[in-house]
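Hi everyone, thanks for coming.

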Amino acid sequence: MRGLCCLLLLLSFPTFSSEKSVRVSYYNNLFGHIHKNASRYSQSLSTIGCGHPIKILGVKGEEISSGEFYKVKVGPYVGFIDKKYLSSKKPTCFQDRYPRFFDNVGLSLTDMYYWGKLYDQYAYGRSTVQ
Amino acid sequence: MKKALLITLFILFAASSSAQVVAANEKSSKDNEEKGLEPMVAPVDFDKIKDVIQNDRLGSEVVKKTEVIKKKQQKRAVKKVGKYNIPDSDEFWSFFSEYWLVKNATVLKWDFKKPDYGLDESFKSFLESLGIFEVRYKILLVNTPDVTHFALPSNEDEYIFLLSVPFIRTLDLSKLEISLLLFEDYLRVKYGYFKNYASVPGLENFIGGNFYQKDFNVNLLEKVARKYDEIIFDKGFNFQQQFNVTSRMNAMLKSNTKLWNGYYLMIGKIDNLVKTNFLYQKYLKIYPSPELQLSWLRPKRKKVL
């Protein structure tokens with residue numbers, strides 16, 4: 001039993017230690033969430049705003065992704081974020097283009113939370129020329 | 001001996017006269033200090049060194065530097081004023097529609113786990129089959145029968161659709177029928193019915209404006225939000241608007257029997273629902289009226305003599 005525990009510990013240790021930040025991306029929507037699991041309905045760990053830098057985690061230089069989600073680190077939180085909301089360059093955010101308007105609209109923390117949730121709930125589409 | 005005496009006398013005279021000048025200067029500067037003026041400094045005659053400065057090109061350098069400083073100040077001023085810009089109509093409506101959705105999250109109940117109905121794909125195929133391209137859309141499913149289906153104004157060529165899950169479940173709507181419903185809403189936004197209704201006086205000047213050194217008009221935004229409430233929950237569209245939309249749908253779907261039949265049957269389903277289900281009585285206030293829509297769609301019978 002003790003041997004098995006040691007083996008498990010040895011096996012698990014390299015996995016945790018080898019997860020490193022591969023690159024930095026920026027959140028490109030008005031608000032969003034870092035999810036606990038790779039699902040848009042998963043619990044929110046933190047609400048983030050547009051332009052927030054996000055470290056994408058990877059192993060041996062390869063990003064860790066699960067479906068449409070990247071494993072990321074934002075501040076103290078390690079979670080998942082939808083790939084389509086990330087940009088490699090810092091986006092020109094609505095908040096930055098209209099800062100005083102944005103301040104005066106007076107969004108509460110609850111509003112910001114729901115705004116982030118809104119983007120998780122949308123089904124997006126676009127008709128294109130075939 | 002006589003020569004040496006003469007030289008000594010000259011030195012003494014020169015020393016005494018310079019001492020007198022220094023004493024006089026000290027006295028005048030003391031007087032000036034007492035009067036609160038700056039001590040007298042011999043003025044520099046710039047005219048005399050003008051040629052030197054011009055030859056050194058220092059004059060043009062000063063002009064250049066002044067211009068650079070002026071430009072920087074202007075840029076800073078523009079940036080400062082620009083911070084008070086209000087989004088133009090291309091960005092305002094999308095922002096405000098989402099703002100309204102956020103503020104009404106608890107009423108609309110859109111924050112819930114739902115199955116993937118694949119509506120994004122089916123609506124895409126539907127639009128493309130009608131030859132409507134480069135239209136971006138967001139579909140938000142709501143868990144309330146109060147808002148059955150609606151399209152909110154958004155950016156250019158972008159649409160936000162609301163669709164009630166209880167409504168589509170009660171009617172057991174197919175993907176095609178849902179696409180037809182969304183397309184009706186698309187036409188309503190395209191005709192500008194919503195924007196016209198929500199555009200309160202003063203909004204036109206507000207959108208795309210600037211409020212630097214002015215008060216921010218929060219009341220105006222509150223009025224627009226109230227207009228959103230009114231049109232979505234209470235007033236909806238009038239008969240003329242409904243007639244225009246139905247006629248357009250008729251014209252666009254006529255060439256495709258499957259789509260036209262689907263539309264006609266779907267309106268029939270809704271007509272039946274609003275007549276039998278108490279939960280959806282309000283539908284008639286928002287979209288008057290399925291019964292009339294059916295009569296507008298029905299081909300006219302011509303009398304044969």
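Let's start with one pair of residues: His149(B) has Leu163(B) as its bridge partner in S3(B). A quick word of caution before we go on: what you see is a predicted model.

Now let's step back from that pair. Strand S3 of chain B covers residues 158-164, and four bridges join S2(B) to it, with the two strands running antiparallel. Which sheet do they belong to? They sit in an open sheet of four strands, ordered S10(A)-S1(B)-S3(B)-S2(B), and its pairing is mixed. At the edges are strand S10 (123-127) of chain A and strand S2 (149-152) of chain B, each pairing on one side only. From one strand to the next, the twist averages 25 degrees.

There is a helix to look at here too. Helix H6 of chain B, residues 119-129, lies across S10 of chain A together with strand S1 (135-142) of chain B, and runs at about 20 degrees to S10(A).

Let's move on to another helix, H12 of chain B. This one takes in residues 239-253, so to speak 15 residues, and reaches 21 Å from first C-alpha to last, close to the 21 Å expected. Which of its residues are buried? They are Gln242(B), Val245(B), Thr246(B), Met249(B) and Leu253(B). Looking down the axis of H12(B), the buried residues fall within an arc of 95 degrees, so they line one face of the helix. On the other side, Gln240(B) and Ala251(B) are exposed.

And what covers those buried residues? The cover includes helices H8 (175-190), H13 (257-276) and H15 (290-297) of chain B.

Conventions:
Residues are numbered from 1 along each chain as its sequence is written. Chains are lettered from A and ligands numbered from 1 in the order in which they are written. This is a predicted model: local features need pLDDT of at least 70, side-chain atom pairs count only at pLDDT 80 or more; totals for chains, interfaces and linings use all residues. The expected span of a helix is 1.5 Å times one less than its number of residues. A residue is buried if 20 or more other C-beta atoms lie within 10 Å of its own, exposed if 12 or fewer, and partly exposed in between; C-beta atoms are placed from the backbone. The arc is that of the directions from the helix axis to the C-beta atoms. Two residues are in contact if their C-beta atoms, placed from the backbone, lie within 7 Å. Two strands pair if DSSP finds at least two bridges between them. Axes are lines fitted to C-alpha atoms, for helices over the stretch in contact, and angles run from 0 to 180 degrees between N-to-C directions.
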